[in-house]
Amino acid sequence: MSAQFSPGSIVRARRREWVVLPQSTEHNLYLRPLGSGEDMPTLVVPALEREPVTAASFPSPTVEQIGTQTAGLLLRDALMLKLRAGAGPFRSFGNIAVEPRAYQLVPLMMALKQEVVRLLIADDVGIGKTIEAGLIARELMDRGEINALTVLCPPHLCEQWQEELQNRFHIDAVVVRSATANRLERGIPAGGSIFTEYPFTVVSLDFIKSKTRRDAFAEQCPDFVIVDEAHTCSRTGQGRQQRYELLRDLAAKAERHLVMLTATPHSGDEEAFYNLLALLSPDFAQLKNETRTDHPLRAKLANHFVQRRRQDIDEWKEGSLFPDREVAEAPYKLTGDWNGIFQEVLDYARELVERETESRYQMRMNWWAALALLRCISSSPQAAVRALGRRLDNAQETSDDDAEELDAQGLASVLDGTADELVLDDVEPGAAQQQDIERLTQLIARAEKLSGSADPKLQTLVQALKPLIQQGFHPVVFCRYIATADYLAAELAKVFTDREVVSITGELAPSEREARIAALKDADKAPLLVATDCLSEGINLQDQFTAVVHYDLSWNPTRHEQREGRVDRFGQRAPKVKALMLYGEDNPIDGAVLQVILRKAENIRKALGVSVPMPEDDDRVMNAILNTVLLRRDATSGPTGDLFAEQQMLEALDVKWESAREKAKKNQTLFAQGRLKPEQVMPEWQKAFAVLGTEEDVKRFVLAACERLGAPLDPQRHGGYRAPLGHLPKELVERLERLDLLHIKRVDFHYPTAERCEFLHRTHPLVGQLADYLAELAMAGKANDKIARAGALFTQAVQTKTTIYLLRLRSRLTITRTHQARDLLAEEALALAVESGGANRLLPKEQALALMQSAVSKELPLERRTRELQQALDALPALMPQFEQLADDRAQSLLADHRRVREAAGSRGSYSVSPQLPVDVMGVYVLVPDVALF
């Protein structure tokens with residue numbers, strides 16, 4: 001590529017001016033029109049053009065482009081918000097649709113200090129691990145260090161990751177799993193694959209982990225991989241070996257970047273935890289038996305492992321980032337027919353486990369059938385009816401191995417899975433026994449006759465929801481089984497007629513669940529959501545809901561935390577969220593679970609600040625607890641169990657809990673983070689947003705732009721603004737219609753947004769279209785009353801005549817690694833103040849804004865305005881050397897920024913930077929002191 005056509009230079013082609021983009025080559029030019037955005041570059045082949053492509057320069061303002069002070073400020077804001085390749089310490093901030101909090105930059109800065117990124121991000125639930133991982137990926141993309149990525153996650157999280165990458169980071173990824181792989185493979189050339197043809201993929205772990213797919217994937221996988229729920233890939237036991245081997249194979253390539261995410265890095269399994277650490281570096285496996293806190297490997301690990309609790313975020317003093325969580329309980333007692341059914345089911349369950357059987361398989365069958373019945377009847381009679389209507393397993397036993405298979409099935413369908421891999425299956429497990437059909441039929445008939453109006457558990461829920469809703473909370477009610485969710489939704493709709501009552505269960509595909517949640521934003525009524533645990537992972541609910549009700553107790557404390565984490569997380573706009581737990585006072589199942597598991601877990605969480613999973617062998621823990629319920633009878637109903645043995649069992653469980661607590665406490669000490677502190681991060685964060693603009697800049701620009709274009713935004717009583725976009729100029733409306741933006745009715749400039757509002761951030765397409773349209777008007781010298789490149793005014797804000805030159809600087813940043821050079825473009829909009837005495841100073845952002853917002857003291861006559869402006873324009877040639885020196889200084893500052901935050905880059909290559917001259921003079925504004933002051 002010829003020198004004059006280097007990235008950032010201006011060329012004339014097809015009778016207009018363009019800016020050359022970095023992806024240009026010697027024979028092909030990728031261009032963007034002067035004054036427009038970079039989203040749709042135009043490819044020009046100079047050899048095929050009718051007229052030669054020539055170097056050009058940016059035109060200076062003219063006196064004909066004179067306008068008002070407000071019109072000048074609008075241009076300044078438009079230019080700043082149009083920047084995508086902003087000059088500053090981070091390349092990615094102009095390409096993300098979220099304003100990250102400063103604490104979320106810690107993993108990014110840790111990553112940029114590594115030659116090959118290997119990170120385990122283990123922040124608490126709701127802090128923003130997805131944002132943190134996305135920032136790393138986007139930054140490396142915009143630095144030209146990676147051009148493809150893969151996210152590996154559980155299948156139910158695929159759509160969420162696809163949406164997050166697209167909406168927050170403008171990365172268009174495809175989902176790869178059983179249902180999509182065949183479609184994606186159609187049309188791929190011979191020898192190619194999904195991973196060679198699609199640079200950005202979100203891949204289901206369960207799809208890709210099999211041996212037949214894993215080996216090919218390890219060869220074709222991109223060199224940047226994000227692994228979500230990484231703790232589910234760390235165990236080597238039955239059913240998990242393939243996931244672990246997949247990650248081990250990917251990590252074996254020394255040049256591959258690997259970012260792993262988990263809120264529970266240590267689920268009680270020491271081997272699994274150190275398996276995770278060994279994926280960062282095999283050396284870290286040596287720490288397994290190392291107790292010294294000063295071991296050199298621990299200092300090394302601190303560069304690769306970041307784990308923060310919510311209280312750790314307080315030191316950043318960024319305001320209230322997370323809501324306060326209020327926890328309450330709502331006990332109920334079973335009465336009347338409801339109690340009669342419960343007791344009969346409980347008696348039948350006890351009979352099942354006391355039966356003599358001829359095989360271990362049948363014994364386990366009876367055990368799981370009893371547990372299934374107890375779990376379902378504790379949820380609702382409707383769930384029990386479905387359990388009684390189907391068998392747990394239809395296969396005939398042939399060996400003890402079949403009993404082990406049955407235990408695995410029961411663990412998943414009756415219990416909630418293991419601590420590090422909770423199941424989302426919400427189908428009622430089978431409980432019917434062939435020899436008891438007549439008795440079960442009678443039970444089913446009795447249960448089906450029960451009326452919801454007499455249901456004491458349901459009525460307790462209704463009485464708990466009423467004050468919650470009256471206080472302005474929007475609740476989501478979690479239950480365990482589909483039948484219970486359907487039942488609750490039908491009954492609650494009768495009571496809360498002013499609410500949009502919706503039920504979401506595993507009967508809906510993940511995409512249908514998301515669509516149903518999204519539809520609630522436009523519903524005429526406020527939502528009341530009933531859901532099974534299919535929504536406890538994957539879909540964030542903080543935008544619409546502020547309370548969680550546990551209608552059914554989960555038998556695993558991690559699940560409770562996940563449910564509450566759907567609303568209590570980063571982005572929740574309510575200052576307070578509530579969590580309410582229902583339980584049966586006279587239900588021995590609820591009593592055991594509540595006392596031995598949930599309350600113990602909550603006490604540990606309060607003491608340590610993090611959740612601690614149930615002790616190892618959590619299925620045995622659960623079995624032991626239920627064993628005390630199933631085998632114990634009270635004095636009126638028959639034989640008592642061995643109460644002394646029961647007490648010993650509970651004491652042993654308490655010892656296990658304390659052991660889990662001590663392990664967690666020890667790990668907090670051993671793996672204490674030498675993480676980056678606010679004073680190390682905040683200057684970089686502030687510098688980035690000084691260049692590109694903050695949410696306040698976006699708000700000021702959009703409000704002013706819409707008002708000047710005839711569609712002023714209307715502030716709403718409950719926050720946000722009504723946006724009459726259809727009243728904008730016809731040409732702009734047509735552009736918005738093509739981009740499907742006219743559906744936007746309400747907007748907000750702060751995240752989390754007011755209810756039912758679209759978040760307008762600096763990279764939102766509506767902001768970009770407004771900025772492009774206005775900049776085009778300014779460049780054409782049209783509509784100077786709306787946006788102007790020149791102006792002059794009387795003001796009392798200055799004592800000496802001061803001219804503000806609005807400049808756009810373009811720098812070419814070249815990164816050379818492994819003998820390959822990549823060109824990047826960096827742009828910056830600056831204001832330079834030149835006083836009449838000849839002194840000039842670069843204005844910090846706040847000072848430039850203050851001067852350009854100076855109050856006009858009185859009208860400056862047109863002749864005087866023209867004369868003052870012409871003098872300022874005539875001074876431009878003499879000022880150009882100063883502008884060029886400023887451009888060189890800023891280029892060197894840019895180089896220092898990039899070297900500083902990407903420390904590891906020096907080991908693999910070098911940076912160089914050069915300003916693209918001449919400097920673009922975008923606007924000239926003269927402030928004349930009001931003579932009344934002197």
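A: Aspartate 77 and arginine 76 are both buried (under 20% relative accessible area with a 1.4 Å probe, protein chains only; over 50% is exposed, and in between is partly exposed). They form a salt bridge, with the closest N and O atoms 2.8 Å apart; the term needs a side-chain nitrogen of Lys or Arg within 4 Å of a carboxyl oxygen of Asp or Glu. Keep in mind that this is a predicted model, where local features need pLDDT of at least 70, side-chain atom pairs count only at pLDDT 80 or more, and totals for chains, interfaces and linings use all residues. Residues are numbered from 1 along each chain as its sequence is written, and side-chain values use heavy atoms, leaving out hydrogens and water.

By that rule there are 44 salt bridges. One of them joins glutamate 731 to arginine 735 at 3.1 Å between the closest N and O atoms. Both sit in helix H27 (residues 730-738), 4 residues apart, or about one turn of the helix; helices here are DSSP runs (H or I) of at least four residues and strands (E) of at least two, numbered from the N terminus. Glutamate 731 is partly exposed at 43%, whereas arginine 735 is buried at 13%. Arginine 841 and glutamate 835 meet at 3.6 Å, N to O.

Now the rings. There are 9 aromatic pairs, meaning Phe, Tyr or Trp (six-membered ring) centres within 6.5 Å, with planes under 30 degrees apart called stacked, over 60 edge-to-face and the rest tilted. Tyrosine 103 and phenylalanine 322 have centres 6.5 Å apart and planes at 50°, so they count as tilted. Each lies in a loop, and the pair ties together parts that are 219 residues apart in sequence. Tyrosine 103 is buried at 0%, and phenylalanine 322 is buried too, at 13%.

Tyrosine 721 and phenylalanine 749 make an edge-to-face pair, 5.7 Å centre to centre with 65° between planes. Tyrosine 721 lies in strand S22 and phenylalanine 749 in the loop between strand S23 (746-748) and S24, so the pair links parts 28 residues apart in sequence. Both are buried.

Lastly, lysine 457 puts its charged end over the ring of tyrosine 551, 4.2 Å from the centre; the cut-offs are NZ of Lys or CZ of Arg within 6 Å of the ring centre and within 35 degrees of the ring normal.
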